[in-house]
Amino acid sequence: MLITLCYLYLWARWGRRPAALVRTTVRRLLATRCSFTFCGAAAQPRGARVCLSRGGRVFCVSESQPIDDLNKWALFLVSPLILEAEHIAFVTESVWVQGENSRRPSSSSDPIVKWSDCCLPLACRPGDPYQLIAKASVDDFSKLGVAFMEDRLQMANGLIPQKIVSVHLQDSALKELKNQATNKPADVLQRSPVPAPEAEPDTGRMERAGDGASGNEPPQESDRGEGCVELCPLHLSSCHECLELENSTIESVKFASAENIPHLPYDPSGSLEGVADATCPEGEGRRVTITGKVPNILIYVGSDSQEALDRFQQVRSVLADCVDPDGYTLYLLSGDSARRDPWPESCLLLVLASREPVPKDLHQKFMAYLSQGGKVLGLSSSFTFAGFQVTNKDTLQETVQDLVFSKADQSQVKLSILSSGCVYEVGPGEQLSLGKLQGHLENEDKDRLIVQVPFGTRGGEAVLCQVHLELPPTSSIVQAEDFNLLKSSNVRRYEVLKEILTTLGLSCDTRQIPALTPLHLLLAAEEIREPLMQWLGKQVGPGGVIKSSKLSLKFVASCKSKEEVTPAAVPVVTDTTAFSSEHFNLDIYRQNLQTKQLGKVILLAEVASTTMDLLDGLMFEMPQEMGLIAIAVRQTQGKGRGRNAWLSPVGCALSTLLVRVPLRSLLGRRIPFVQHLMSLAVVEAVRSIPGYQDINLRVKWPNDIYYGDLMKLGGVLVNSTLMGETFYILIGCGFNVTNSNPTICINDLVAAYNREHGAALEPLRPDCLIARTVTALEQLMDRFQDGGPHAVLPLYYKYWVHSAQQVRLGSAEGPKAWIVGLDDSGFLQVHQEDGRVVTVHPDGNSFDMLRNLIVPKSQ
């Protein structure tokens, strides 16, 4: 009776404010250990009292629902579960929905609520329905419930929530979970069943990952029970292997590497290359026409209105991304210049991007240019000839469509494009001879949007497009809901445009690697300058040189004379008074670096071969309080596969950080966690900025940074060397900050968020984010050293992309499994259909996000 009166009172007070009603009801009745349920009206528990009904869903209160048997549940966390005061444990039941319905839009105007942002997953039980036990504060639990009732709750990986019910975890259940964490090792997914070598008893060895030892006490030989898992000797998963790997390195992935994933064809050499930043090969020189003049790309946009000038900048920008800026000059061709100047003599390509009709006299001039062997590219222009007509289709205007583009070699590219709203049709009775480049929509009419049309007898030809190849996905005319589709096809947009430009006779070859530059020795804190210079004075050899196995660093006061810079010999300028860089602001770095040790001493290069080598001669000798970091504005990696060379573009945050970890510390016994902490630090560096907490930046196992679960924009490389009782670890990290092309960058996400939410978040800078990342990493490492994996996993799970993800092991026909979380050593755990939990090691397996496959890496 009392509970019923409470309901009536709350309803009378809060009326139609569901969030306040739910939150107050949960808070007032929490101590009674009753159960709160959010579900469909037909699925409410028997005897439950309905507090709120909304859109066919109800919030109700019933008798306590305990969980006392967790034998069929897979544990996420590796520490005993503690339910804090004012927190609720609850079960979310979900079903799998594939395809477009997996992310159905909400009818509510309120924002989407992401399940993973509001709670900490504790355990899961795969099946139908898929069940997750999680815990959340009263406020977050209420937020989840209200979002569920208003159809605004978003789960990950195709899960649609059906029911949320609070539960009481019995002491016996908590004990069972603890036993799972400490006494039930998982199986290991390996490339081959090679057992780990038997270790000789060693009283000085460190704790093995996964056994129940704690503190710094070495485990005894008796700890190796029959249930102990034999691990592949390639991994840092036992003390014996760690000691065997002294003076060697552990390399999980190529530095900031982009995987060869279907539909996201990153450069196979593994770069984050931005094509706008490359220049012509040495000695090739500037391309010239037969008249000896520098070839021009002329862009005609019609009138001189501001809209037309903005369109010129858009076209110029995208062309500069595709062709060699040292080989071509891009100019605006005004109507007056087109009428009076002899522009055809030095015009290699005429780009027509005018949306208004081309005047008749200019049309004749453009046709005369074609008849003399000229090349024309039409971009959403009304210009046409040779029997083609441009027809408006209102249903296509400024909409995203699926295009099939046929290349010169007859291969096809399928991509999502922004249509101009016009199509090409052949006039009555016309017989046309078309080139090989063609593009049509995947619709019933197969509307033509790209045609290649030869003209005349002197080799003139035009490629006409009614596709907005000139507009990036961040364009203001792109709808928020279309951003993901267009950005996912952005690499292919450039592929199509480069194919067209190459066919029209331009070179899109971007092969030259920029010249290496000297290093600058910079300090985040001036108080360490004197002790640093004293230390350097004792370390340098003749000529101010410190040599290592990979390179020599020559310390000089200034670099006025021409010092030779090679990958093996790099001068280091110690006088910072004259230092300046367009791309790195030392003051901004200092303001954002809030560390006790890490990142204090900076080796900065405008262009470096690889930051991973720059610290080689200093990492074992420099005092720990002088935390070393190498930063490059642009980075080359020499040769890739075969003769490939690649660039890391301006706008990418590129760094290698030195950290030291005691062997017998909590992190020292779980070194694979370092790559997870660094990936998490990048995400935290952005999402911890006030206002930026909803930027959809996430971590992907084992060491990638992703936009949602769609596209990679960064990666981590960890090289670890064990000397004595200390791990010396070089953490290489690269992530896109301002370089939007050819994939995506953090500022793209910021701009998309601003458009969608009417916000005004400022673009971010690489120097700022590098400093914030180093700060976040030091804080995460401190938390790990104090509390172990349990201290950081809640934040890691909040930002990772794999919650409840369903995968196949080995191949597309392999056994089905569900991702559970990370084990005590930092390896991925998956729950198989037969109930076994399998551990997946990053060194032996790769994760294909788009096909949801965990497969052994090829050798």
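A nonpolar core is taken here as a set of buried Ala, Val, Leu, Ile, Met, Phe, Trp, Tyr and Cys residues joined through side-chain atoms within 4.5 Å. In this predicted model, the largest such core has 129 residues, and those with the most contacts inside it are Tyr-589 and Leu-777. A second, separate core is made up of 40 residues, including Ile-299, Val-351, Leu-377 and Leu-437.

Helix H17 comes next. This helix spans residues 766-787, has 22 residues and reaches 31 Å from its first C-alpha to its last, close to the 32 Å expected at 1.5 Å a residue. Just after H17, Gly-788 adopts a positive phi of about 75 degrees. Another helix, H16, covers residues 746-757 and contains Asn-747. With a relative accessibility of 15%, Asn-747 counts as buried. Apart from residues up to four places away in sequence, Asn-747 touches Val-737, Thr-738, Pro-763 and Leu-764.

Among the strands, S20 and its partners give a clear picture of pairing. Strand S20 is largely enclosed by the rest of the structure, because six of its seven residues are buried. Strand S21, residues 412-418, is mostly covered too, with five of its seven residues buried. S20 and S21 run antiparallel and are joined by seven bridges. Two examples show how the residues line up: Leu-403 stands opposite Leu-415 in S21, while Asp-402 has Ser-416 of S21 as its bridge partner. The two strands form a hairpin with five residues between them, and Gln-410 in the turn has a positive phi of about 75 degrees. S20 also pairs with S23, again in the antiparallel sense, over four bridges. Leu-403 takes part here as well, with Leu-441 as its bridge partner in S23.

Arg-57 counts as buried at 17% relative accessibility, while Asp-151, at 27%, counts as partly exposed.

Arg-152 forms a salt bridge with Glu-150, and their closest N and O atoms are 2.8 Å apart. Both Arg-152 and Glu-150 are buried. Arg-54 joins Glu-150 and Arg-152 in a network of salt bridges. Leaving aside its neighbours within four places in sequence, Asp-110 is in contact with Glu-150 and Arg-152. Asp-110 and Glu-150 are 40 residues apart along the chain, and their C-alpha atoms are separated by 8.9 Å. Asp-110 is partly exposed, with a relative accessible area of 38%.

A further salt bridge brings together the side chains of Lys-393 and Asp-447, at 2.9 Å from N to O. Lys-393 sits in the loop between strand S19 (388-392) and strand S20 (400-406), and Asp-447 in the loop between strand S23 (438-441) and strand S24 (448-455), so the pair ties together parts that are 54 residues apart in sequence. Asp-447 is buried, at a relative accessible area of 7%.

Finally, the cysteines can be considered. The structure holds zero disulfides. For Cys-51, the nearest cysteine sulfur is that of Cys-60, 7.4 Å away; a disulfide would need the two sulfur atoms within 2.5 Å, so Cys-51 is in no disulfide. Cys-51 is buried, with a relative accessible area of 12%. Cys-768 is likewise buried, with a relative accessible area of 11%.

Key:
Residues are numbered from 1 along each chain as its sequence is written. This is a predicted model: local features need pLDDT of at least 70, side-chain atom pairs count only at pLDDT 80 or more; totals for chains, interfaces and linings use all residues. Side-chain values use heavy atoms; hydrogens and water are left out. The expected span of a helix is 1.5 Å times one less than its number of residues. Buried means under 20% relative accessible area, exposed over 50%, partly exposed in between (1.4 Å probe, protein chains only). A salt bridge is a side-chain nitrogen of Lys or Arg within 4 Å of a carboxyl oxygen of Asp or Glu. Contact means heavy atoms within 4.5 Å. Two strands pair if DSSP finds at least two bridges between them.
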